[in-house]
Amino acid sequence: MTTPIKDNTPDMKLFYACFISLVTTAFGFILRALILPQWGHDFNLTQTQLGEIAGVGLWPFAISIVLFSLVIDKIGYKTAMIFAVICHITSAILTIFASGYWMLYIGSFICAIGNGTVEAVANPVVATMFPKQKIKWLSMLHAGWAGGLVLGGIMALLLGVNTRWEYKIALILIPTITYALMMISRKFPLNERVQAGVSYKEMLQEVGAGGALIIVALIIFQLGAVFGWHTAANVVITLLITAGFGYYTRSFGQPLFIVLLLIMIPLATTELGTDSWITDLMTPEMNKIGFQAGWVLVYTSAIMFVLRFFAGPISHKFSSPGLLAICSGIAAVGLYMMSFSAGSMILLAATIYGLGKSFFWPAMLGMVSERFPKGGALTLNITGGLGMIAAGVIGAGILGFIQDKSVDQKIINYDSNNNTAIHSTYVTEQKTSLFGDYKALDQTKLATANANEQLTVTTIRDAAKKEALRYIVVFPLVMLASFILLILYFRSKGGYKAVLLGKAEEPESTPY
């Protein structure tokens, strides 16, 4: 399934197969994001339930990408890709025939497992193919994600609001079949770690007990939330797995790698957590100017596609932490502007946000791969997996929770000021989430309300949607501070340098 690279010429057909596989993952993401409001209406789901469905389309990614990274060099990249194809087809079928919350949830779960498997293959394959230009080619690879958001979004939006959502979900089968046919005849290279003779245990030692604790804790606590495990059970399971990993590796892990894992949490929340909700959050304002809200996500993704595909000159001008610091500042400004913009100003705010988020994911993966090549597929993919689970559990979930809590409080205030009883009549759904208990609107009861009450609730809910983005600004600000500190750290060491396995010469350092 995998073969040593006999020369320095990369197999570009294999690269494009990986590229289309990333397009497929983006199709699954944007089609669900566009359809999310329709599911809420058709299946009487709360905003937090919709957030949970959006989240389960992300966090299981971490399970598959981590598990496959542990065995991918043994089972082969092609075997993993075949599994991904099966997941994507199964997910589409389950979602199309969904009859309620749980079928939507399971269908999204399987899609996320397939997505994680795709990246467990694509990221290390491309990093191995281009060991001296990782930022450039990982950015180009992840342009497939942005391109998939644009292509899938345009195809779904052009079908129109009156087309059944089941037909839109079926669109994911187009890139799925395409990448299946493209990769079936390709030969995959051995990972650069394997080629350099770095042992399996040395790879695990790069992660160590510290890195394992972070990723295992997030996965176990999320599984505990799904299956109703007690908190004590989550803690015990997490500590047992971490202790076993630490005992075997006899390593705490690379301190810098652990720092990067922690930074990946706000990074993923800023990009994917926001993108999961952006269609729903922008619906009120976009409706006012006569456009479907999904065009905001398509537009920002188009910006991201162009910048990532032509990342070469930019990646040579800045170091990874320098580029990420700049992007963090720009994204913070864009998100804040989107939280209060109206009319044509939404386009300007979305442009700034799109510019900011463009290099988050590939630059972070590139930095991990540059600094920790001994970690092979594991360090690279644990970073991506942690990002997805953070976006799914924290990003997507917290935005839904913020909206429900805000609507709850605003309706209470409205009743108090206007001597009405809207809250006691319609906010009657007692719910529990990872972030706490809350009361949500009963959509069925609200449908029977008079026109004035419906208008009041709609106005309050629309205001809560925009305000939710304001809370997310804290995440890129945390990233900005973190990357500035990393720049100062690398400068004290003589500048940022990529580590090359099996190379005697040191690459030139970048001071910023």
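This is a predicted model: local features need pLDDT of at least 70, side-chain atom pairs count only at pLDDT 80 or more; totals for chains, interfaces and linings use all residues.
Where is the place of Arg 250?

1. **Arg 250.** Arg 250 sits in the loop between α11 and α12. Its backbone is worth a look. Arg 250 has a positive phi of about 55°, although it is not a glycine. The residue is exposed, with a relative accessible area of 58%. The cut-off for exposed is over 50%, so Arg 250 qualifies.

2. **Asn 44.** Here is another backbone point to check. Asn 44 is not a glycine, yet its phi is positive, at about 55°. Look for Asn 44 in the loop between α1 and α2 (47–56). Its relative accessibility is 32%, so Asn 44 counts as partly exposed.

3. **Salt bridges, the count.** How many salt bridges are there? The count comes to four.

4. **Asp 11 and Arg 186.** Asp 11 forms a salt bridge with Arg 186. The closest N and O atoms of the pair are 3.1 Å apart. This pair links distant parts of the chain, 175 residues apart. Asp 11 lies in the loop between β1 (2–3) and α1 (12–42). Arg 186 lies in the loop between α8 (173–183) and β2 (188–189). Asp 11 has a relative accessible area of 24%, so it is partly exposed.

5. **Asp 73 and Arg 193.** Asp 73 forms a salt bridge with Arg 193, and the closest N and O atoms are 2.8 Å apart. Asp 73 is in helix α3 (residues 60–75) and Arg 193 is in helix α9 (residues 192–195), so the bridge ties together parts that are 120 residues apart in sequence. Arg 193 counts as buried, at 5% relative accessibility. The cut-off for buried is under 20%, so Arg 193 falls below it.

6. **Glu 271 and Arg 308.** Glu 271 forms a salt bridge with Arg 308. Their closest N and O atoms are 3.5 Å apart. Glu 271 belongs to helix α12 (residues 255–288), and Arg 308 belongs to helix α13 (residues 294–309).

7. **Nonpolar surface patch.** Which residues form a nonpolar patch on the surface? They are Leu 213, Phe 221, Val 235 and Leu 239. Together they have about 310 Å² of accessible area. Helices α10 (200–227) and α11 (231–249) are the elements that give two or more residues to the patch. Leu 213 has its place in helix α10. At 36% relative accessibility, Leu 213 counts as partly exposed.

8. **α15 against α22.** Helix α15 (residues 320–338) meets helix α22 (residues 474–492). Their axes come within 8 Å and cross at roughly 160°. Angles over 145 degrees count as roughly antiparallel, so α15 and α22 are roughly antiparallel to each other. Their crossing is left-handed.

9. **α15 against α16.** α15 also packs with helix α16 (residues 345–357), at an angle of about 155°. The axes of α15 and α16 are 7 Å apart. That angle makes α15 roughly antiparallel to α16. The crossing of α15 and α16 is left-handed.

10. **Leu 181.** Leu 181 is found in helix α8. At 61% relative accessibility, Leu 181 counts as exposed. How many residues apart in sequence are Leu 181 and Gly 273? They are 92 residues apart in sequence. In space they are 32 Å apart, C-alpha to C-alpha.

11. **Ser 416.** Ser 416 is found in helix α18 (residues 376–418). Ser 416 counts as exposed, at 61% relative accessibility.

Definitions and conventions:
Residues are numbered from 1 along each chain as its sequence is written. Side-chain values use heavy atoms; hydrogens and water are left out. Patches are made of residues with over 30% relative accessible area and no salt bridge: like charges are joined within 9 Å, nonpolar side chains (Val, Leu, Ile, Met, Phe, Trp, Tyr) within 5 Å. Accessible areas come from the Shrake-Rupley method with a 1.4 Å probe; for residues, only the protein chains shown count as cover. A salt bridge is a side-chain nitrogen of Lys or Arg within 4 Å of a carboxyl oxygen of Asp or Glu. Helices (H or I, at least four residues) and strands (E, at least two) are DSSP runs, numbered from the N terminus. Buried means under 20% relative accessible area, exposed over 50%, partly exposed in between (1.4 Å probe, protein chains only). Axes are lines fitted to C-alpha atoms, for helices over the stretch in contact, and angles run from 0 to 180 degrees between N-to-C directions. Angles under 35 degrees count as roughly parallel, over 145 as roughly antiparallel, 65 to 115 as roughly perpendicular and the rest as oblique. A crossing is left-handed if the near helix is turned anticlockwise from the far one by less than a right angle, and right-handed if clockwise.
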